[in-house]
Amino acid sequence: MSRKALIAANWKMYKTPTEAEAFVKAFLPLVAGHTRDEIALFPSPVLLPAVIAACKGSQVAVGAQNIYFAEEGAYTGETSIGQLIAVGGTHTLIGHSERRQYFGETDEIVNKKLHTALKHKIVPVVCIGEVLAEREAGKTEDVLKTQVTGAFAGINGLSPEAISLIVIAYEPVWAIGTGKTATPEMAADAHRIVRAEVAKLLGADVANKMRILYGGSVKPDNATALLSQEEIDGALVGGASLKPDSFTAIVKY
Ligand code: PGA
């Protein structure tokens, strides 16, 4: 089963519009003609119009780091899916561990956001992963199963087209921004657990087609080992995605 890899940049709360435009201007020539993998950038909401305009006409997709599940309303500080679509965004991260850790996002909230994204045909990158204490306590498998089941509640009633949009990012929380990476074997093991759980919920065919990305301290020097694992269908990259040359090196692993 060959799944087209997605290499995604999570810029977190970095860059001004000017810096973001400069990144895209330097980056696009470096990846011109690169069609082996899909590429997506996830900037802060205030950067979206500038980044989308700069990427226009290229193969690089742009998405939000977060959306709210309600269509609109009195939700100060949130971004709606309609706002994302209106500026030309096509993807969104959902349930990144920093959202879970600092902003109280639960599996239930993740599930609501996933339903909202799929209703509007936005590609959702659903982030899951265990914290260090859970791994050390031997609970990784349980945590991943619970997160997948929680995120996917009610999804099996949706159309195959909607379900086919879903991407999962496995990001062990202890590897995010720490310079510690899961070994390719550890990551592949976790991916197998996740894929088996997706198969249980949505069927083997859907599970075989679903892309599962790895995230957590992906760098140019470990990208090849991680991404050449059969089970790993791309990467969600934080720190190393902030510079055009290092992100390009990962895209072209
Ligand atoms: P990192 O971040 O590459 O800096 O570890 C990954 C992420 O948070 O998605």
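A backbone N or O atom of G177 lies 2.6 Å from an oxygen atom of the ligand, a polar contact in the sense of a pair of N or O atoms within 3.5 Å. The model is a predicted one, in which local features need pLDDT of at least 70 and side-chain atom pairs count only at pLDDT 80 or more, whereas totals for chains, interfaces and linings use all residues. Residues are numbered from 1 along each chain as its sequence is written, and side-chain values use heavy atoms, with hydrogens and water left out.

The ligand is surrounded by 13 residues, and the closest are K12, H96, E171, G177 and S217; a residue is taken to be near the ligand if one of its heavy atoms lies within 4 Å of it.

| Residue | Atom of the residue | Distance to a ligand oxygen atom |
|---|---|---|
| K12 | side-chain N or O | 2.7 Å |
| G177 | backbone N or O | 2.6 Å |
| G239 | polar backbone atom | 2.9 Å |

Two helices show how buried residues are arranged; helices here are DSSP runs of H or I with at least four residues, strands are runs of E with at least two, and both are numbered from the N terminus. In α1 the buried residues are A20, F23, V24, F27 and L28, where buried means under 20% relative accessible area and exposed over 50%, with partly exposed in between (1.4 Å probe, protein chains only). These buried residues fall within an arc of 120° seen down the axis of α1, so they line one face of the helix, the arc being that of the directions from the helix axis to the C-beta atoms. The face turned away from that buried side carries the exposed residues T18, K25 and P29. Among the elements that cover the buried residues of α1 are β2 (38-42), α2 (48-55), β3 (60-64) and α12 (244-251).

In helix α7 (residues 140-151), T140, V143, L144, Q147, V148 and A151 are buried. They cover an arc of only 125° around the axis, which puts them on the same side of α7.

The largest nonpolar core has 63 residues, of which L41, F152 and F247 touch the most other members; such a core is a set of buried Ala, Val, Leu, Ile, Met, Phe, Trp, Tyr and Cys residues joined through side-chain atoms within 4.5 Å.

How values were computed: Polar contact = N/O pair within 3.5 Å; in protein donor to acceptor, adjacent residues only side chain to side chain. Contact = heavy atoms within 4.5 Å.
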